[in-house]
Amino acid sequence: MSKLEELFVKNEFKIDENQLDNFEKYRDLLVETNKVLNLTSITEEVEVNYKHFLDSILPLKYVDIRENSSLIDIGTGAGLPGLPIKFVRKDLNIVLMDSLNKRIKFLNKVIGELKLEKIEAIHGRAEEMGRNAKYREKYDYAISRAVSRLNTLVEYCLPFVKVGGYFISMKGPSGHEEYAEAKKAIETLGGKLEKIIDYNLDYEDSERTLIIIKKIKNTNKKYPRAGGKPKSKPL
Ligand SMILES: C[S@@+](CC[C@H](N)C(=O)[O-])C[C@H]1O[C@@H](n2cnc3c(N)ncnc32)[C@H](O)[C@@H]1O
């Protein structure tokens, strides 16, 4: 059994040969491409396995993501958490979005080489794409890791979510404090806290917090605001 397979088994993920192969090939492409393009500071095998792969799929243990539903990963960077989620949940229709086109080119290479289906990588800024009717309120789930503080992030992400869908924010130990700071913004954007889930990534004793926000009303057309406002003047 490979180290990665052991890790998944230990964490109660059932992974077949093809899925394992996808993870291994993705790690090779990530490490190789990282030599010429800044994708991640984490390249050591065990660290990639825990901090990128396991960390990306752990939310699947805590949130029941409906079969064949759609999910958008905002600020996906090197494809995290969206690609590992795709490897584990082939049924999901996934969009990976990032504002850096070089990263999107890398993601398209991974999608092509691994022959992944029902997944696409799109170049754009969340606060602009969220105003575009093609993407606005079209997804059952939005997810995001390590992009910005929650009060900014909800303005980036909630506009993409359909009424009745969810935004899953992957946070570390600051999660509760960030929620308190973002409470008003969540309400303004048509969201409502569903729950906050705390758990540990079994590596360097890292605390994790998932903030699950349900979309209960359409987001007012005023949002997301242009001109960098979600970041410079969070709601
Ligand atoms: C620190 S990286 C995290 C990447 C990945 N989510 C992860 O967990 O490894 C933040 C990423 O968000 C992207 N990003 C930042 N602001 C954005 C925005 N407004 N719209 C889309 N992408 C954005 C950046 O280009 C970068 O790739």
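Author: Methionine 97 touches Ile72, Asp73, Ile74, Thr76, Ile122, Gly124, Ala126 and Met129, leaving out residues up to four places away in sequence. Keep in mind that this is a predicted model. Methionine 97 sits in strand 2. Is methionine 97 buried or exposed? Methionine 97 has 26 C-beta neighbours inside 10 Å, so it counts as buried. The cut-off for buried is 20 or more. The chain also folds back here. Histidine 123 is 26 residues away from methionine 97 in sequence, yet their C-alpha atoms are 5.9 Å apart.

Next comes another buried residue, proline 224. Proline 224 lies in the loop between strand 7 (206-215) and helix 10 (229-232). Proline 224 counts as buried because it has 25 C-beta neighbours inside 10 Å. Its peptide bond with tyrosine 223 is cis, with omega about 0°. Apart from neighbours within four places in sequence, proline 224 is in contact with Glu127, Gly130, Arg131, Glu155, Tyr156, Pro159 and Pro230. From proline 224 to glycine 82 there are 142 residues in sequence and 22 Å in space, C-alpha to C-alpha.

Glu155 and Tyr156 are among the buried residues of helix 8, along with Leu150, Asn151, Thr152, Leu153, Val154 and Cys157. Eight of the eight residues of helix 8 are buried, so this helix is largely enclosed by the rest of the structure.

What does helix 8 (residues 150-157) cross? Its axis comes within 8 Å of the axis of helix 9 (residues 175-188), at roughly 40°. Helix 8 and helix 9 are therefore oblique to each other. The crossing is right-handed. Helix 8 brings Leu150, Asn151, Val154 and Glu155 to the contact, and helix 9 brings Glu178, Tyr179, Glu181, Ala182, Ala185 and Ile186. By class, that contact has six nonpolar, one polar and three charged residues. Glu155 ties things together: this residue of helix 8 meets helix 9, and proline 224 is in contact with Glu155 as well.

Proline 81 is in the loop between strand 1 (70-74) and helix 5 (82-88).

Other helices cross too. Helix 1 (residues 3-10) and helix 3 (residues 45-57) have axes that come within 10 Å and cross at roughly 40°. Helix 1 and helix 3 are therefore oblique. Their crossing is right-handed. Lys3, Leu4 and Leu7 of helix 1 make the contact with Val46, Asn49, Phe53 and Leu54 of helix 3. By class, five of these residues are nonpolar, one is polar and one is charged.

Helix 2 (residues 17-33) and helix 6 (residues 101-113) come within 11 Å, axis to axis, and cross at roughly 150°. This crossing is right-handed as well. Lys25, Tyr26, Leu29 and Thr33 of helix 2 meet Phe106, Lys109, Val110 and Glu113 of helix 6. The classes here are four nonpolar, one polar and three charged.

End with two loop residues. Glutamate 12 is in the loop between helix 1 and helix 2. Lysine 115 is in the loop between helix 6 and strand 3 (119-123). Glutamate 12 has a positive phi of about 60°, though it is not a glycine. Lysine 115 is not a glycine either, and its positive phi is about 50°. Are they buried or exposed? Glutamate 12 counts as exposed because it has 7 C-beta neighbours inside 10 Å. Lysine 115 is exposed, with 7 other C-beta atoms within 10 Å.

Terms used: Residues numbered from 1 in each chain as written. Predicted model: local features only at pLDDT ≥ 70, side-chain atom pairs only at ≥ 80, totals over all residues. Axes fitted to C-alpha atoms, helices over the stretch in contact; angles between N-to-C directions. Helix = DSSP H or I, 4+ residues; strand = E, 2+ residues; numbered from the N terminus. Parallel < 35°, antiparallel > 145°, perpendicular 65-115°, else oblique. Left-handed = near helix turned anticlockwise from the far one by under 90°. Contact = placed C-beta atoms within 7 Å. Nonpolar A, V, L, I, M, F, W, Y, C, P; charged D, E, K, R; others polar. Buried ≥ 20, exposed ≤ 12 C-beta atoms within 10 Å, placed from the backbone.
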